[in-house]
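Student: Hi, I have a protein open on my screen and would like to talk it through. Could we start with how a pair of its elements pack?

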Amino acid sequence: MIKAVPVRHPGRWVAAAMILLFVALGIQSVATNPNFRWETVAAYILDVNVFKGVGWTLLLTVMAMIIAIVLAVLLSFMRQSDNPVLAWSSWFWVWFFRGTPVYTQLIFWGLITVLYPSISLGIPFGPELLHVVVSDPTKGFIPAVIGLGLNESAYLAEIFRAGLKSVDKGQTEAAEALGMARRKVMWRIILPQAMRVIVPPTGNETISMLKTTSLVLAVPFTLDLTFVTNALANRTYQPIPLLIVAATWYLLVTSILMVGQHYIEKYYGKGVDNMAPAAVNPAAAKAAAATTTGAVAVQPIATSTEEDQK
């Protein structure tokens with residue numbers, strides 16, 4: 001009878017104790033420091049203007065990600081195309097929007113009415129058929145969404161392209177051998193399998209987009225959460241409590257998005273994430289070992305009996 005003694009890891013307990021000590025000291029420092037002005041945080045955490053800022057931030061994030069995802073799917077398909085014009089056009093799009101800062105792009109879209117005060121459509125060197133005066137009745141919302149969406153589409157296009165490449169080519173060959181059209185193969189066979197690779201980084205990009213909306217002041221768009229809390233800080237001359245308010249709301253929304261990402265990953269990971277070896281039942285393993293030993297022991301006896309008969 002072997003008496004197994006578990007391996008002790010004193011270093012782990014020392015490290016855990018040190019971390020807990022630092023966490024306790026940090027909580028005590030933050031809770032007892034009057035300069036954080038927790039009463040101001042409590043007064044503005046549920047402020048109506050802050051609520052509106054959270055709503056506009058979420059709307060910016062959702063609208064920009066919808067534009068980015070649609071464009072990214074199109075760009076990734078174009079990049080996989082055998083047509084060199086489509087492939088190089090997709091490459092140029094990704095090169096341009098990834099190579100310039102998002103803040104610069106937002107400033108550009110904010111000044112679009114200065115660059116193009118009107119748009120005219122007609123026959124080249126001929127009569128004008130349509131003339132439209134460019135204006136922005138949304139006070140910066142549409143330029144902000146366009147700027148964020150176009151910039152994000154370049155990053156998502158590379159994520160989608162990596163996901164499409166992760167699917168084995170045999171899947172395409174098998175589907176085409178069954179007579180499926182190439183477009184149907186892409187939408188029904190390749191893309192659903194690529195989603196388990198696409199979803200995790202896309203979720204990260206969505207969370208990043210939520211925080212990137214704080215740059216829409218460059219448009220300028222002045223209704224998002226960051227601008228609202230900064231305006232309240234300038235009014236109360238207390239920037240730190242209002243920064244804590246903004247950070248709290250960002251953390252709350254980010255946590256909700258992470259939960260949603262978890263369930264989406266779980267859905268698309270069916271049949272793949274559960275391929276890890278099952279836990280071994282000790283009793284079953286012992287019985288299997290005994291059976292194997294018995295079979296091995298019987299074999300030499302049978303062999304020797306046959307040799308004696310010869």
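Tutor: Bear in mind that this is a predicted model. In it, helix α7 (residues 141-165) packs with helix α9 (residues 182-212) at an angle of about 140°, and their axes lie 8 Å apart.

Student: Is α7 oblique or roughly antiparallel to α9 then?

Tutor: The helix α7 counts as oblique to α9, because only angles over 145 degrees count as roughly antiparallel.

Student: And is the crossing left-handed or right-handed?

Tutor: The crossing of α7 and α9 is right-handed. Among the residues that make the contact are Leu148, Tyr155 and Phe160 of α7, together with Met186, Ile190 and Pro201 of α9. Sorted by class, this contact of α7 with α9 has 14 nonpolar, three polar and two charged residues.

Student: New topic: where does Thr226 lie?

Tutor: Thr226 is part of helix α10, which covers residues 225-236. If we leave aside neighbours within four places in sequence, Thr226 is in contact with Ser214 and Tyr250.

Student: Buried or exposed, that Thr226?

Tutor: Thr226 counts as buried, because its relative accessibility is 19% and buried means under 20%.

Student: How much of the protein chain is buried?

Tutor: Of the 310 residues in the protein chain, 28% are buried. The chain exposes about 20900 Å², and carbon and sulfur atoms supply 68% of that area.

Student: Last one, how many helices and strands are there?

Tutor: The protein chain has 12 helices and two strands, and along the sequence they follow the pattern α-α-α-α-α-α-β-β-α-α-α-α-α-α.

Terms used. Residues numbered from 1 in each chain as written. Predicted model: local features only at pLDDT ≥ 70, side-chain atom pairs only at ≥ 80, totals over all residues. Heavy atoms only, no water. Helix = DSSP H or I, 4+ residues; strand = E, 2+ residues; numbered from the N terminus. Buried < 20%, exposed > 50% of the residue type's maximum accessible area, 1.4 Å probe, protein only. Contact = heavy atoms within 4.5 Å. Areas by Shrake-Rupley, 256 points an atom, 1.4 Å probe, with all protein chains shown as cover. Axes fitted to C-alpha atoms, helices over the stretch in contact; angles between N-to-C directions. Parallel < 35°, antiparallel > 145°, perpendicular 65-115°, else oblique. Left-handed = near helix turned anticlockwise from the far one by under 90°. Nonpolar A, V, L, I, M, F, W, Y, C, P; charged D, E, K, R; others polar.
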